[in-house]
Amino acid sequence: MATTSKSNASNTPAKPSTTAPRKNETRKVNAPVEAMHVNRRLDLVLDTIATQNRSIRYAPGYRVQIYVGNQRQEVDAAKLLIYQNFPELSPYLSYNQPTYKLKVGDFMRRMDAERYYTSIRRLISSAQLQPDKVDIRRSLLIK
């Protein structure tokens, strides 16, 4: 009788271990179906957010004002100087009679604008850092 109780004892733990994986397997089968449903809904929401973000072109940011004055030749000289030293910055020339304003850059963060501002200030002492609306796509091109 001692041998049968040992064999029963060894057989008894084996049965629950074979039934336990079956429960886990059924849980694993149900989990991906639910996850796929959530993933589809999440993908739809993310796609709508992405299309809305693509339609936004301008955001608040910073530009460096290089020149303010009445002389067209001085504006052109300042613009050429910036082109030669900072080709990655986009210049913006505006004219409101009789004043020319030249601004450069599309910076989303003030820290990036200040880095360029200190470099530009060495070349042109009258440069100023100013908040402005910037083109988002061009701001991503500035390193």
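Me: What makes β2 and β3 count as paired strands?
Reply: In this predicted model, 6 bridges join β2 (residues 91-96) to β3 (residues 99-107). Pairing needs at least two bridges, so these strands qualify. They run antiparallel. A hairpin of 2 residues connects them, and Asn96 stands opposite Thr99.

Me: Why is the contact between Arg57 and Asp135 called a salt bridge?
Reply: The closest N and O atoms are 3.3 Å apart. The cut-off is within 4 Å, so the pair counts as a salt bridge. Arg57 sits in the loop between α1 and β1, Asp135 in strand β4, and 78 residues separate them.

Me: How do you know whether Asp135 is buried or exposed?
Reply: Its relative accessibility is 5%. Buried means under 20%, so Asp135 is buried. Arg57 has 41%. That value lies between 20% and 50%, so Arg57 is partly exposed.

Me: What does the salt bridge between Arg63 and Asp132 tie together?
Reply: The closest N and O atoms of Arg63 and Asp132 are 3.4 Å apart. Arg63 lies in strand β1 and Asp132 in strand β4, so the bridge ties parts 69 residues apart in sequence. Arg63 is buried at 8%, whereas Asp132 is partly exposed at 23%.

Me: Why is Leu42 called partly exposed?
Reply: Leu42 has 45% relative accessibility. Exposed needs over 50% and buried under 20%, so Leu42 falls in between. Leu42 lies in helix α1. With Val45, Leu46 and Ile49, Leu42 forms a nonpolar surface patch of about 330 Å² accessible area together.

Note on methods. Residues numbered from 1 in each chain as written. Predicted model: local features only at pLDDT ≥ 70, side-chain atom pairs only at ≥ 80, totals over all residues. Heavy atoms only, no water. Patch = residues over 30% accessible without salt bridge, like charges linked within 9 Å, V, L, I, M, F, W, Y side chains within 5 Å. Areas by Shrake-Rupley, 256 points an atom, 1.4 Å probe, with all protein chains shown as cover. Salt bridge = Lys/Arg side-chain N within 4 Å of Asp/Glu carboxyl O. Helix = DSSP H or I, 4+ residues; strand = E, 2+ residues; numbered from the N terminus. Buried < 20%, exposed > 50% of the residue type's maximum accessible area, 1.4 Å probe, protein only.
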